[in-house]
Amino acid sequence: MTLAPDPSSIDQWFAAEILPHEAALMRYLTRVWPDHAEVKDLRQDVYVRVYESAARVRPATPRAFLFATARNLMVDRLRRERIVPIDFTEDLEALNVYIDEISPERRLGAREELQRLVQAFDALSDKCREVMWLRRVEGLSQRDTAARLGMHEGAVESQLARGVRALAQAVFGRVARPESEDDAKQRREARNG
Amino acid sequence: MDSERIEAIAADWFAKQQSGQWTSADQAEFDLWLAAATAHRVAFIRLDAAWRSASRLQVLGAGVPEGVIPERRSWGYSLLRRKQAAAADVASDAISRAGWRSSKSLRAIAACAVVAIGVTIGVQSWRPSAEEHQTAVGGMDTVPLADGSRITLSTDSRVRVMLSANERRIELEKGEAFFDVAKDKSRPFVVVAGDRRVIAVGTQFSVRRNDEDVRVVVTEGRVRFANDQDPPAAVPLQLDAGAIARATAGSVMVREQAVKEAEQLLSWRNGFLMFRDTALTEAVAEFNRYNQRKIVIADDAIADIRIGGSFRVDNIDAFLWLLENGFPVRARHQQDAVVLSAR
């Protein structure tokens, strides 16, 4: 008799053991996959495979398993869609995971982690940033946030949805929104003012 | 469906859960969406994990006066670079050594860093926020808390939630609530019911209160069950998963069972009441908590009849049918009540 692992514990495992490698995974996928527009969908499919597999048997080395799954998925796709003829060895070479992608990532110090979070926060657009500050950093309720900012609650809720997406991109993808015109102007003014 | 679309929907669900207006109908719909595809689940986990990790910002936010939203690049960066906050440097080096992935220890040490920063630049501590949540008779509601914990309120229940920098405190004023507590070693989760308190770190349990009668059911992890009337040196009772503690004014009785059996007492979360060899008076009292139309037992003779079975909380009729057909009981329907007597 096998016991199905409790879904909430796989969820926790997934967040702790798989998501931290997202940046490296994205670098790998982007390097190999011909169509950059499809890379996010690819990532999703890799995650699904990893999650469903882990629900049956927990992999011993999560990071290696993640990359192996990504590689296999791309091979399957490439074969099925006949984008690239797989018989050529040089094409298979491209799928090999480079040593610096698979080896344990340089551990970010806590200060760097915090800094990244701060940068991600500051990269949010104005309204979104205000909402996220009050809701997440100050811990204000949605109702009170709406009152403070003179917004409808529904609008606060939408901004939070946007904000948490941007946070995920920054925390896992390690990509903050590139500096906008406004930000660049602000930075120049701060420096000169 | 493409990942962008799924992520957008996941974010909408997440924001709705944080809104403070989450109903059990929402929960049901959300559960359906989550179960519909692993891609949904994974997208949600990712957002949830990012949200949780942002709690570290609260440490840096402590350096900003309450009610002020700091300008970009005017917060955090200077605190992180500041040479005077030597204590913070020590703390964050300690965090680096501990490893970045363990957010539990990070928060614990970050909490120390808050104290250090507070000392050097005279900062205000977090303002504790108090929220009240209540359900009507027959109602049920799940409230997600800012720390990631969840409270599921049963029928006719009321709690007051106060999360502060040092403590997560819930006052159970009446009724019953089930607590799914997020781990946070720096802030114990305390449920206060009259003189009694249930203290947890990361676990699942329910507390029911009827004035001074308190019942605790633990379904995961471990809690400590303390009595404010006890002398300070007294060691609180420790309850593990499967334990059911019933406390009255002066005493506590603990029964230990398999978790599955303990969970039967919490079947109300799914809208069911489960009875096993339960006295009729007790079963009736349970039903009455969920329904405006009360059942009254008019004959002592039938009070001790033992019944078993699983009933939807609002389906009194099924319950009455069982009584009339399986036992020597007659049910007379009056305007606002149902009277049970011996047949």
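This is a predicted model: local features need pLDDT of at least 70, side-chain atom pairs count only at pLDDT 80 or more; totals for chains, interfaces and linings use all residues.
**Chain A and its interface with chain B**

Among the contacts in chain A that join residues at least 6 apart in sequence, 64% link residues at least 24 apart. Read from the N terminus, the run of elements is simply α-α-α-α-α-α-α-α-α-α-α. Of the 193 residues in chain A, 44% are buried. As for the surface, chain A exposes about 10,200 Å², with carbon and sulfur atoms supplying 52% of that area.

Next comes the meeting of the two chains. How big an interface is often gets expressed as the accessible area lost when the parts come together. Here, chain B and chain A bury about 5,700 Å² between them, and 57% of this lies on carbon and sulfur atoms. In terms of residues, 61 from chain B are in contact with 63 from chain A.

What about charged and polar pairings? Across the interface of chain B and chain A, 7 salt bridges turn up. A:R43 takes part in a salt bridge with B:E7, where the closest N and O atoms sit 3.8 Å apart. The count of residue pairs in polar contact between chain B and chain A, with both residues at pLDDT 80 or more, comes to 20.

Which parts of chain B give two or more residues to the side that touches chain A? The elements are α1 (3-18), α3 (38-53), α4 (57-61), α5 (77-81), α6 (86-98) and β1 (129-134) of chain B. The largest share, 12 residues, comes from α3(B). Sorted by class, the side of chain B that touches chain A holds 28 nonpolar, 15 polar and 18 charged residues.

A:D11 belongs to helix α1 of chain A, which covers residues 7-17. Is A:D11 buried or exposed? Its relative accessibility is 16%, so A:D11 counts as buried, the cut-off for that label being under 20%. Leaving aside residues up to four places away in sequence, A:D11 touches A:Y51 in its own chain, along with B:R41 and B:I45 from chain B. In other words, this buried residue has contacts with residues of both chains.

Technical notes. Residues are numbered from 1 along each chain as its sequence is written. Chains are lettered from A and ligands numbered from 1 in the order in which they are written. Side-chain values use heavy atoms; hydrogens and water are left out. Contact means heavy atoms within 4.5 Å. Buried area is the accessible area (1.4 Å probe) that two parts lose on being put together, summed over both. A salt bridge is a side-chain nitrogen of Lys or Arg within 4 Å of a carboxyl oxygen of Asp or Glu. A polar contact is a pair of N or O atoms within 3.5 Å; within protein, one must be able to donate a hydrogen and the other to accept it, and residues adjacent in sequence count only if both atoms are side-chain atoms. Helices (H or I, at least four residues) and strands (E, at least two) are DSSP runs, numbered from the N terminus. Ala, Val, Leu, Ile, Met, Phe, Trp, Tyr, Cys and Pro count as nonpolar, Asp, Glu, Lys and Arg as charged, and the others, Gly among them, as polar. Buried means under 20% relative accessible area, exposed over 50%, partly exposed in between (1.4 Å probe, protein chains only). Accessible areas come from the Shrake-Rupley method with a 1.4 Å probe; for residues, only the protein chains shown count as cover.
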